Amino acid sequence: MNSEVVFITGATSGFGRATAHRFAEAGWSLVLTGRRSERLDALQKELSAKVPVHVATLDVRKNEAVKEVVAALPEAFRAVTCLVNNAGLALAPEPAQKTDLNDWHTMIDTHITGLVNVTHALLPTLIETGKGASIVNIGSVAGQWPYPGSHVYGASKAFVQQFSYNLRCDLIATGVRVTDIAPGMAETEFTLVRTKGNQAASDALYSTTTPLTAEDIAEQIFYVATLPAHININRLEIMPSRQAWAGFAVDRDK
């Protein structure tokens, strides 16, 4: 069995859950974190027959909690080879002027504060692991391409891209690789969360087209994490073949 350890945030659904399954298939030991304890326990029960699994209920926005989870890792899970910073969410799809400020703060605290909390806590471990270790940050095409209703979501994902690039510069001599994976439209709980449980809105977004799946993204995460140690994918932008860019918006007199 492979001795590598992957640490995944936001492992209870979507990309995180699919990534846990993909690494388990390859025999990696798993450290799975998320805010929903019952989902973590169910995932541990599901995967522990295949590989060693350690779970920890964690809100990545809380720095002290992050440090406690990392410090309390059992010996068999301490030598983390790959960190997948997946925890995230989109809120407030309405125009910026109509949003609740609390939703903006939640996205900033998760995508920016949470990302740096977990990365900072695990950097010493990853640097000690050295050659072949990976940090995979889940960004979004929204971090590169603006669209109405993206406001803070897109801006916070742009931070993910630039943080990944700059971290890559700092870690160049350590052997630790850094990748920003930027998915486009993918059918997960994303829209349900964004619309506060509006199933009809979620169904409408994905109907009559072919979006990405969580498993598609998990496969790419696994790919970049298991490349030969001398290869670093800086950024991987992934869209469904049926999604592309629209033209410029132009406001006209009625």
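Reader: How many salt bridges does the structure hold?

Author: This is a predicted model, and the structure holds nine salt bridges. In one of them, the side chains of Arg22 and Glu25 meet, at 3.8 Å from N to O. In another, Arg235 joins Glu237, with 2.9 Å between the closest N and O atoms.

Reader: Why are Glu25 and Arg22 separated by about one helical turn?

Author: The general idea comes from the geometry of the helix. An α-helix has 3.6 residues a turn, so residues three or four places apart point the same way. In this structure, Glu25 and Arg22 are three residues apart in helix H1 (residues 14-25), which means that about one helical turn separates them. Salt bridges with shared partners also join Arg22, Glu25 and Glu219 into one network.

Reader: Is Glu25 buried or exposed, and how is Arg22 to be classed?

Author: A residue counts as buried under 20% relative accessible area and as exposed over 50%. Glu25 has 57% relative accessibility, so it counts as exposed. Arg22 has 17%, and therefore counts as buried. A further salt bridge can be read in this way: Arg78 and Glu75 meet through their side chains at 3.8 Å, N to O. Arg78, at 35%, is partly exposed, whereas Glu75, at 66%, is exposed.

Reader: In what order do the strands of the open sheet stand?

Author: The order of the seven strands is E3-E2-E1-E4-E5-E6-E9, and their pairing is parallel. Strand E3 (53-57) and strand E9 (235-238) each have a single partner strand, so they stand at the edges and one side of each is left without a neighbour in the sheet. From one strand to the next, the twist averages 15°. Within the sheet, strand E4 (residues 80-85) pairs with strand E5 (residues 134-138) over four bridges, in the parallel sense. Cys82 stands opposite Ser134 in E5.

Reader: Which helices pack on the sheet?

Author: Among them is helix H2 (residues 37-47), which touches strand E2 (29-34) and E3; the direction of H2 makes about 180° with that of E3. Helix H8 (residues 214-225) also packs on the sheet, where it touches E4, E5, strand E6 (177-183) and E9. The direction of H8 makes about 165° with that of E6.

Reader: How many residues does the largest nonpolar core have, and which have the most contacts inside it?

Author: In soluble globular proteins, nonpolar side chains tend to be buried together. Here the largest nonpolar core has 32 residues, and Phe23, Leu30 and Leu32 have the most contacts inside it. Elements that give two or more residues to this core include strand E1 (5-8), H1, E2 and H2. Helix H8 gives the most, with seven residues. Leaving aside neighbours within four places in sequence, Phe23 is in contact with Val6, Trp28, Leu30, Cys82, Ile221, Phe222 and Ala225. Another core, of 27 residues, lies apart from the largest one and includes Val31, Leu83, Leu126 and Ala133.

Reader: What span should helix H5 have, and what covers its buried residues?

Author: At 1.5 Å a residue, the 20 residues of H5 (residues 151-170) should span 28 Å, and the end C-alpha atoms are 29 Å apart, which agrees. The buried residues of H5 include Val152, Tyr153, Phe163 and Leu167. Their cover includes helix H4 (101-129), E5, E6, helix H6 (190-194) and E9.

Methods: Residues are numbered from 1 along each chain as its sequence is written. This is a predicted model: local features need pLDDT of at least 70, side-chain atom pairs count only at pLDDT 80 or more; totals for chains, interfaces and linings use all residues. Side-chain values use heavy atoms; hydrogens and water are left out. Two strands pair if DSSP finds at least two bridges between them. Axes are lines fitted to C-alpha atoms, for helices over the stretch in contact, and angles run from 0 to 180 degrees between N-to-C directions. Contact means heavy atoms within 4.5 Å. A salt bridge is a side-chain nitrogen of Lys or Arg within 4 Å of a carboxyl oxygen of Asp or Glu. Buried means under 20% relative accessible area, exposed over 50%, partly exposed in between (1.4 Å probe, protein chains only). The expected span of a helix is 1.5 Å times one less than its number of residues. A nonpolar core is a set of buried Ala, Val, Leu, Ile, Met, Phe, Trp, Tyr and Cys residues joined through side-chain atoms within 4.5 Å.
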